[in-house]
Each structure stands twice: as structure tokens, then as C-alpha cells.
Amino acid sequence: MKKKLWVFISIACIALFSAVSVQAQQKLEIFSWWAGDEGPALQALVEQYNSMYPDVEVDNATVTGGSGVNARAVLKTRMLGGDPPDSFQVHAGQELIGTWVVANRMEDLTPLYKSEGWMTKFPKGLISLLSSKGGIWSVPVNIHRSNLMWYIPANLKDWGVTPPKTWDAFLATCKVLQDKGVDTPLVVGENWTYNHLWESVALGVLGPDNWAALWTGKLKFTDPRAVKVWDMFGKVLAFSNSDASGLSWQQATDRMVKGDAAFNIMGDWAAGYMATTLKLTPGDDFGWAPSPSTSGVFMMLSDSFGLPKGIKDRTATLNWLKLLGSKNGQDIFNPLKGSIAARLDSDLSIYNAYSQSAAKDWKSNKIAGSMHHGVVAPESFTSQFGTVMDIFLAAKDSKAAASAAQAIADQVGLGK
Amino acid sequence: MSEAAVTGRRFSWRWLMYVLLVGGIVAFLVPIYMVVVTALKQPAAINLSTAWQLPKVWNWASFQQAWVAFSPKLKNSFTLTIIAALVSAMIGSLNGYVLSKWSFRGSKLMFSLMLFGMFIPYQSVLIPLFSFVKAIGLYGTIWGLIVVHVIYGLPITTLIFRNYYVDVPDSLVEATSIDGAGFFGIYRYVIFPLSVPGFVVVIIWQFTQIWNEFLFAVTLSKTASQPITVALAQLAGGEAVKWNLPMAGALLAALPTLLVYIIFGRFFIRGLLAGSVKG
Amino acid sequence: MVSGRGVLFQRAQPLTGGIIVKWRKSKTRLLGFVVLLPSFLLLGIFVYYFIGRTVYWSLTDWGKDPSQALAAHPVLKFIGLANYRELFTGLIDSRFRQDMVSTIFFTLFFIAGCLLLGLLLAILLDHRPKGESVFRTIFLFPFSLSFVVTGTIWRWLLQPNGGINRLPTFVGLPAGKFAWLTSRQQVWRIDWNRLPLIFAIAIGIVLVMVAISAFRKGRARRAWISIACAAVITAWAFIFGLTWKPLPFPELHGFNLAFIGIIMAAVWQMSGYTMALYLAGLRGISVEMREAAIVDGASEWQLYRRIILPLMAPITLSAMIILGHISLKIFDLVFAMAGPDNGSTDVPALLMYITTFRGNQFAKGAAIGVILLLMVAVIILPYLTSQLRKGDRG
């Protein structure tokens, strides 16, 4: 019996040692939710990294699930479990700051920004959104725009309407379209697309300054100006489809393309979808305009990567971050992704018509941050905003929704 | 009642019975038809309006794709399930032996307290469990899941074995005891050899429960150590999903427990009935 | 050897024997205790101690302060029952309240569906049709599947534009239009603010019924006490309950029609279980008893109604308890079928997961977990204690 025990122990030790020794090679685990259609862009970056640093084994760990909801939960358990990935995709802004930076889990990247000369290569508005308490916390690899209205020019011509410039004009245009037989001029998709629509309406009704004030706590949700947002939102929704919850955002876009709807408020990944997957030509086959009442404002969201504390090999991750922030890296990634580079000096010739127009706006417009995509609101707020939306959709009660939003804002300490 | 009247009436009822039963079978198998048909379609051919039609081209590639995506997870599930089922069965057998043949004052209370653990919603212990598994360094490993499933499987395995051993005649135990066998001796010479059906029931039951479990799996595993249920949920939850892959994946995930059920159905049912009450 | 119909706690016969044997036996019983102890201790930690920690955390503010929520070593403050108060009367937790209502409706329909379908199938199979074992195998096979697999399959079936909605077209009818899992329709709505009033009136009615039956039995004192309590509660209801508004806005909750799809999938999965239970029970009714009843002139219908069904009552009770505790904590099925983001099909167990792992509200998630536990305990504890006592008496 004793002899068997010793044999068992020695075998266990040998197994343990061999397991440990296998891990001698350098590893870089990249954690993201870029699967499916969005995978190739990340893959191209990974290949570039591999060619620059052949000794490092890159683990492309993706977790599928729209807009990262599953990935964030998995990331949470990883971080809480004391096993952070070497670098993880996170929306730049409060999604990172309000969750991980305040919990003291990320390293300050200001030295990296200075050594790579990025302070002048990214717009000031962007850097301020990435900063908190004196530090800069992530490297933005792309910029997406949230406040866009998509339409098919040929269809609009048939119906005899033009893209409305304000929300009031939008309501009037929809009425005209309904008379022409388009029952649901605006197409919306599942839950989060409601939030997306809401932030365009809010930006339009409030204007960029009051929008920012909402998130610094200077303007309360229960302020009459903010309650008006819900009133307008309700009016806009009256022109949308009732079976929205069953549609993914791609399916909603399909409806607009087919002509069952006229307008779709969606971020510019819709351009990537229509250009790459549906093979439509930007500008000719599909058109875009800033969401009503928001022209001159670029509501941005950005995917970025940071440096968590407690990882095994900082050098590998820092090299990854350097690649992400470089002109080369951003110009490899963004044409494939359908977004634009965050850098001001990217080579615009390799981008399609939409991206070029977007890049022009990026340089000239006022910059506002998206709420749903984690720029101006932390996760503790956005994850509960769905409840606010449910409250509103149940009874179309603006005051109830506004009070709920304010209650959540108070609970998470918005703006502090 | 005349014979003819009885058989006459029974005849018509019997016909109705068969109709209902066949209808029931169709209703129960309709989802499976859908799964198989969708899994065999090419992604481009999957269309909501033609969902019920048989595939024009039989696309076996979905199974291949699913296999490639899932085979490491299947391995995880097999490792987890087999080890945890065996260990919890062994310990449950010993516990059941104690509770049935060597009951002492308070053993029934101890048993009830243990049984309660079978019924609790695992959400009510999820956070401390997570902290604990992380603290002992097993977070994200298959061993963490194995330990968790063994411990939470103890109540049901103990219950099944206890009820099973109560039926072992005490005279047999008595005789062996008089012959000089002690606690472990009786187990080795009397109880254990008789336990084979019991072990089959317990192992099959535990295999099914642990293979199908989701909450612990999704909370305590990392990508490398994920069991199949988590992988399937993530696959199906992806955006703009092409349904042939999740359907093929669902079939792969269901196959082991389904086979166990079909082959060992009798024992499966015994495990199922173990926690219930007679009149 | 397992009869399959064994009582949860079959009485274990103590062994008898001579004095020396008795001494050896008491030493062996001690050894038995030692063998049982590790399992007992492990479960003590993993069940009771962990529940205790969850209860403790539910009384703190873990998660409210973002800087502490995900920190490596969070600093927690004790805030008593504030989390629970917020869950039931706080403005932002209306989702939780809807989940509670949803779960009650789901449990009712799920249990009813499984019992009825299971009983029907068992009765059909009890007539021993040809190929009985094939039928039985098919009806029970969904039980061997994971809830995740079931959820994935049914999610595809219940897509609003395909699957089940297309079935009517095969018989020439127009396609169904019901939105299944994505439906936002709700029926039987009540205002949460009215809930205390409704509860009070319900309790009042129950007390009045107790009083009436006590009067009939001649127990006057109990009857008068019940009437007094009923009067007090009704008075409270109409004076206080009408004006007490826990929430500033009326909040309607009801049965979300989106649950119909989930109920269907759950009944599909679990009715084989009730069928197996009932079948075992039906097989236990002796043939003589049935023949005697038929000889006495009972029709088949009467046979069932007067003899067989009443004998099934304990099985029904046991099945209700098992199914009830499964449905109260249902998580996997809803997660796989509707995803965690579908508000209309949310259930408390799912909300707990989201609150904890997405919203970072660990204390509130713990509170939801404790509430789940209490709901399950209300069902299971009486069952366990009655089984415990039965085992002693039997």
C-alpha cells in the first residue's frame, strides 16, 4: 500500500513538472468579441504581430455575442478569478474606466503615449475621453460613429422624400411615407438597438453640450429638457416596426435595403455590412446622413485595448499596444473592419467612400461620446439602462423612465 | 356487462389511444426533425420560410465544422463527467452503506441536512463558491469543476445508494459480521459485490446530470476548460448566427447522454424514480 | 433491487445480536460516523457556509461603489436589508418584480402542463399498446437532454418568421403571427402598488374560511380569533393599504406571453419525467383491485376517477414539489432560448447572473440568490420534514 502511494506521488510530481515546463514560451492572449464577420480584421493584425514578433504565441480568444455582452461577463469572471487576459478588447471611455480603472486593475499608459508620440496623433477630444484622474488607460484601434441614419437613395427618390435634417422633420417625413404605403418607415431591431436609437434622439434633442452634461452629473435625467427626450423618443417609435425584438441589427438593415422600411439609425458597422456582405456600393446603392438634429456632431465609440495589472509578460502586450496605435496597424485593421482609424494621419486612399466621408467628419466635427457603447457611461449604468427602456416601452411614460434613469445614475454615482 | 359490449367499447377506445400516442410521438419528435434537417442544410439555404423542407443538398460539413469546434470541449466534458461521476458514486456508496446498515443517533438528521443541498438553487452559493475555487487555485481548470460536481453530487448518490442498500437483507450482513468481518470487511465482501446495479444507476444518473449542467460550467471555466454546454450556448448566442452550426453542435452535445439513455434506459428510469414517493 | 418506488427515507433496521456483537457494533457505528463525516462536513461548507456568506454579502453594499466592486480586495459596508427593500420597492428594480410575477406564472403553467401531459401519456401507456417500450422511450428522451440543447432547438423552432408559425400553412391556413419569445404582450396585469392590498384581502378571505370551518366543527374560540384577525387585516388593508404607495408610479406586472414558448419547451422536456412517475404508480395498482371495480359495475371513467386518480395523489404531490423547485430556479433553459437580454422572458435566476456578472452588483445579486433560496425552501422543507417523520414512523 505504501509503495503504491509513493509511486502515485512520484508520477503526480513528474506530471506537474512537465505541465509547468511546457509554458516556457512567450504567450499573448488577446481577448475580444470579434468573431464572425468582424474576425478577419483582428486576424490581419494578429498576423502582422506574428511577423514582427515570431517568438510569441498569440492566442486569439474570442467570445461570441452581440456587442460584447457575453465577452464582458466572461472577462469579469476571469479578472475576479485573478487570471486576467494579456490584453482585452474594451470600449474606450467609461466602460473601461468606470469598471476596471477605478478598481485599480489597469496600468497607466501615459508613458507609452509619450514614447510613441501619440499625444498629437489622436484628436484632443478623444484623448480626454480616454483619460481619467491624470492617466490614459487604453489605446484606441478604431473609431465608429453612432449617430448615423441610413437609407437607400433610389427608394427615397421613388417615394419622393429627402433625408430629414431634424427630428421634427423626421416625424413629418415618416407621416408622408406612411401615406405612400410604407407602414413602418423606421426599422429597429432587438433590445440594444433601442438604446442606440435613443442616444441619437437624445443627442438631437439636447445638443452636444447638454448631452455631455448629462454624464458629468450636471444635467439630471429628471430635468424637463431631458424628459423631453423621452417624449420625442416615443413619437419616433410610433413609426417603427412592432416585431423589432426578433431582429438582429443585420436583419433590420436587410429590411431597409429591401424597401420594407425607409430609415435605419445604426452605427457605421452597418456600412461595413452593406459594403462587404451585401456588396452594395457606398454612396450609390446606400446613403447616409447624420441622425436628425445631430449634424456637425460626431458621436463616437471606439474599440481599444489596455494593459491589465498582473499579467505575466508585459513586453508582449506592450508590443501589441504599440502595433495597435501605429499608423501601419490602424491602416491594416480598419479597412477590413469598416471603421476609421483613430489617428489623424491615416492613409485615406485605402478606405471606401463612406470611410473617407467619416474621416473628414472625424477631423472637423464636435466629438461626443456614445452612451450605449460605453464611452460616457460606465457598465453599471448601461447594464441597467435596459430596465429603463423596458419601463418606457411598457407604458410610454416619460416621467417614469426619466425617474428610473436618474435613480440608476444616483446609484452608480454618475459623474463623480 | 356482456363480453361483446366490453370488447366493442374497448376496441374503439383503443383506436383512439393509438391515435393519441402516435400524435404524441410526432409532437415529441418534431423538434428533432427540425434539428437534423437544419444541421444538414447549407448555410445559404437556411431560410425561415423554408425551414420545414428537407435539404436540397445534404451538407455533412456542418457536422465536421461542429466537430472541429467542439472536440476539445467534448473532451473536457468527458473528462469532467466520468471522473466526477465515478468519485461521487464511490463516496455515495460508502455513505449509503453507513446510513442503511450502521445508522446511529442523529444519522437521519445528518442525512436530511445533506439532502437539502440537492435542492438549493445554486445561484445562492455561486459567489462564495467562485471565491473559494479561485482561492484554492482551481479556477478555470477542469479539476475545479470536478471537485464542485463531486461535492454537490454527494446528496443524490448517497440517497440512491442508501435506498438501494436498505433492501439488502440484514441477515446477510449479520452472518458476515458474526464471521468476524468488520465495517470495511462487510463492505468489501457483501455490499460491494451486490452494488453493481446500484453503481450503474448512479453513474448513469450522474453522467447525465453533470454532462448537462450549465451554471457551474459557465461560471467556473475558462475557454480551454469549457464543457460542451457552455460552448454550445456561446455558439448559438452569437450574432447573425447561421443555424446549421448550432444545430449540428446541439446534436453532438446531446448524443452521449442520448445514447446512454437509449442503451441503459431501464437504469436511467430507476435513477429518475429514486427521489420520489410511493403511495 | 431498487423498487423504484421507495420512500425517500426507508426505515433502516437496526441489527440485533449478542452483547459482544453489540459492543463491536457500537464501535463500528462510530466508524460509520467517521466515514460519513467528510461528506457531511464538505456539504456543510459548500452548502450551509456558502449560503451564510451569500446572506452576509446580501446585507452589504458590495457593488454599489464602482471603485470597490471589482477591486482585488473590496472594502464592504454593512447596510442591513436595504438591498431587499430596493428589490421590492425600489424604482430601478422593476425588472426583479416582473421576474417574480413571471416565475409564479411560469411555475403554475409548467407544473400543470407536465402533470396533465404526463398523466395522459401514462394512462395511455398503461393500456399496454403494442410497442409500448418504444413509445415510452420516445416520450422520455427529452429528459436526457441538457436544458441548453433544448433551449437551442426550441429557439430555432420559435423564430417568429419560421418554425412553428409555418405549421398552419401545411393544412392550408395562414401562417401564425405570434411573436413567441420576442412578444412584448402581457395579460392579467396588476399594479405592484396594489399588491399589499391584494395580499391582505386574500389573507382575510382565508381567515374567514378558517373561521367558518371552525364554527362548523364547534370550535368557537378558534373561530372568533380568526374573525378578529380577518377584521384587523381587512381594516388595515382599506385604511392603510389603499394609501400606501411603495412606488411613485403605477407599475403593472402580469403574465408575459413570451413565456408560452418557454413553457412549451420545458413541458416537452419534463413531461416524460411525470409520465414515468405516474406509470410506475399506475403499475403499482394491483390488477385485482381494477378487476374488482369493473365487476362492481364501474365504467372505465369511474374507475379512474374514484380509484386510480386518488391513489396517484402522493405522486402528484411529489412531482409538484420536484417540478416546482426546478421551475423556481430555472436558468439554463431561458439563457439558451431567449438569451440574457430578453426582458420579457427574464427570470430571477437569470437576473441574479446578470446583476452579478454584468452589472457588478454583487450584493444585490446575492440578495436575489437568497430570495431564490427562500422560495425553494418554502417548498422543499415541508417535503423533507414530512419524509423524515414518515421514515421514523414507517
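Predicted model: local features only at pLDDT ≥ 70, side-chain atom pairs only at ≥ 80, totals over all residues.

Let's back up into the helix itself. α12(A) covers residues 269-277 of chain A, and its buried residues are A:Trp269, A:Ala270, A:Ala271, A:Gly272, A:Tyr273 and A:Met274. As for what they pack against, there are helices and strands of chain A on the list. The strands are β7 (144-145), β8 (148-151) and β9 (264-265), and the helices are α11 (249-258), α14 (327-337) and α15 (353-364).

Now zoom out to the domains of chain A. The assignment gives domain 1 as 27-143 + 301-359 and domain 2 as 145-300 + 371-412. Their C-alpha centres lie 27 Å apart, and the contact takes 22 residues from domain 1 of chain A and 22 residues from domain 2 of chain A. On the domain 1 side, the elements giving two or more residues are α4 (94-101) and α15 of chain A. α15 of chain A is also one of the elements that the buried residues of α12(A) pack against. The top contributor to that side is α4(A), with 4 residues. By class, you get 7 nonpolar, 11 polar and 4 charged residues on the side of domain 1 of chain A that touches domain 2 of chain A.

The contact takes 9 residues from domain 1 of chain C and 8 residues from domain 2 of chain C. Helix α14 (residues 362-393) of chain C supplies the largest share of the domain 1 side, 8 residues. That side has 8 nonpolar, 1 polar and no charged residues.

Chain C also meets chain B: 89 residues of chain B are in contact with 92 residues of chain C. On the chain B side, α1(B) brings the largest share, 12 residues, and the class tally for that side is 60 nonpolar, 23 polar and 6 charged.

One caution about α1(B). Helix α1 (residues 3-39) has the lowest mean pLDDT among the elements of chain B, 77, while helix α5 (residues 142-166) of chain B has the highest, 92. Over residues 1-9 of chain B the pLDDT is below 50, and beyond near neighbours in sequence that stretch has 1 contact in the model.

How values were computed. Residues numbered from 1 in each chain as written. Chains lettered and ligands numbered in written order. pLDDT = per-residue confidence, 0-100. Contact = placed C-beta atoms within 7 Å. Nonpolar A, V, L, I, M, F, W, Y, C, P; charged D, E, K, R; others polar. Buried ≥ 20, exposed ≤ 12 C-beta atoms within 10 Å, placed from the backbone. Domains from an automatic or database assignment.
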